Amino acid sequence: MERVVLVTGASGGVGLALCQRLLEEDGRIHLCIACRNVQKSEATRDLILASHPAAQVSTVEMDLGSLASVLRAARELRCRFQRLDFVYLNAGIMPNPHVNFKALWHGLLTGKLLHMLTTAEGVMTQTDRLNGDGLQEVFTTNLFGHFILVRQLQALLCGNEKPSRLIWTSSSNARESAFSLSDYQHAKGQESYSSSKYATDLTSVVLNRKFNTQGLYSSVVCPGLVMSNMTYRILPIFLWKLLMPIMWLIRFFAKTYTLTPYNGAEAHVWLFKQKPEYLDSLCKYHSCTTGLGRCYVEPRKMDVDEDTAEKFYQKLLELEEQTLEKYHDLLD
């Protein structure tokens, strides 16, 4: 039987490039794309079928920032499929990003500029807000909505003849210094994106501990610096156009400057071809590109504390319980 692959955040950027590349790897898969609304889903499906007319592509409406939407989508997926082989947890947001030019200047003077440009450490701040569920929007969209999705799809992911895979889109910007167990939604800080990505790394580590024996494996990837709609919101478009020659030059020194969504999806596609039993659950797999444009994958140990990961997972379970009580009418 064909493998069933679900991709969230598939309407553009790395998500769309990933869908195209997966079909190039295996045109027999059943690709299910999840987007925020029907119009986006159908437009994305038409775009994919234009280049892969024989592909099996279905859609599901899912807004990761709305827990009711996630629960409705999960219920629909349980009715539609008997199993899921791959779930790419790719959707994400970075609202109202701001560049700290003072920090950039300090980095230049202290010799840390290249590190800051490749990780955005100390450079990027965001202004978050509460969503309709009363939760922080970035935390919900980037992590908790996906966590609820995985939990609701557990019957399709565990106990199958072959292992099922979760592949989270994380970031090199995932930093322990931006995350706090006492404020895991990052309501009090200005680095909500970094916090949510570090929380993603923690979650993946615990999921492997809990579910590997049931045939479910979790991995995290970093797509590198990709020029996408998310990136373009950081600076005005005309500035990006002026900076692009410099960025191509930086790529000779910073291998994580993948720049294009196609290159950014390299680690996602590489994991599609690997046997999960041989992967390191404490590694993050980075998409990298040489100065001359050759794509490759580099595994790097994650800076995660497994005790913190376990405590955070328990907090997610408590929040999940509150969510299911609130939306009990959307459950089977």
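Guide: Contact here means heavy atoms within 4.5 Å. The model under discussion is predicted.

Visitor: Which residues does Thr141 touch, not counting residues up to four places away in sequence?

Guide: With those sequence neighbours left out, Thr141 touches Leu64, Gly65, Ala91, Gly92, Ile93 and His146. Thr141 itself is found in helix α6, which spans residues 137-152.

Visitor: Is Thr141 buried or exposed?

Guide: The term buried applies under 20% relative accessible area. Thr141 has a relative accessible area of 8%, and therefore Thr141 is buried.

Visitor: Which strands are joined to β7 by bridges, and in what sense do they run?

Guide: Strand β4, residues 86-89, runs parallel to β7 and is joined to β7 by 4 bridges. Within this pairing, Val87 has Leu166 of β7 as its bridge partner. Strand β8, residues 216-222, also pairs with β7 in the parallel sense, over 6 bridges. There, Leu216 in β8 is the bridge partner of Ser164.

Visitor: What unit do β7, helix α8 and β8 make?

Guide: Together with helix α8, residues 192-211, the strands β7 and β8 make a β-α-β unit that is right-handed.

Key. Residues are numbered from 1 along each chain as its sequence is written. This is a predicted model: local features need pLDDT of at least 70, side-chain atom pairs count only at pLDDT 80 or more; totals for chains, interfaces and linings use all residues. Side-chain values use heavy atoms; hydrogens and water are left out. Two strands pair if DSSP finds at least two bridges between them. Helices (H or I, at least four residues) and strands (E, at least two) are DSSP runs, numbered from the N terminus. A crossover is right-handed if, with the strands pointing away from the viewer, the path from the first strand over the helix to the second runs clockwise. Buried means under 20% relative accessible area, exposed over 50%, partly exposed in between (1.4 Å probe, protein chains only).
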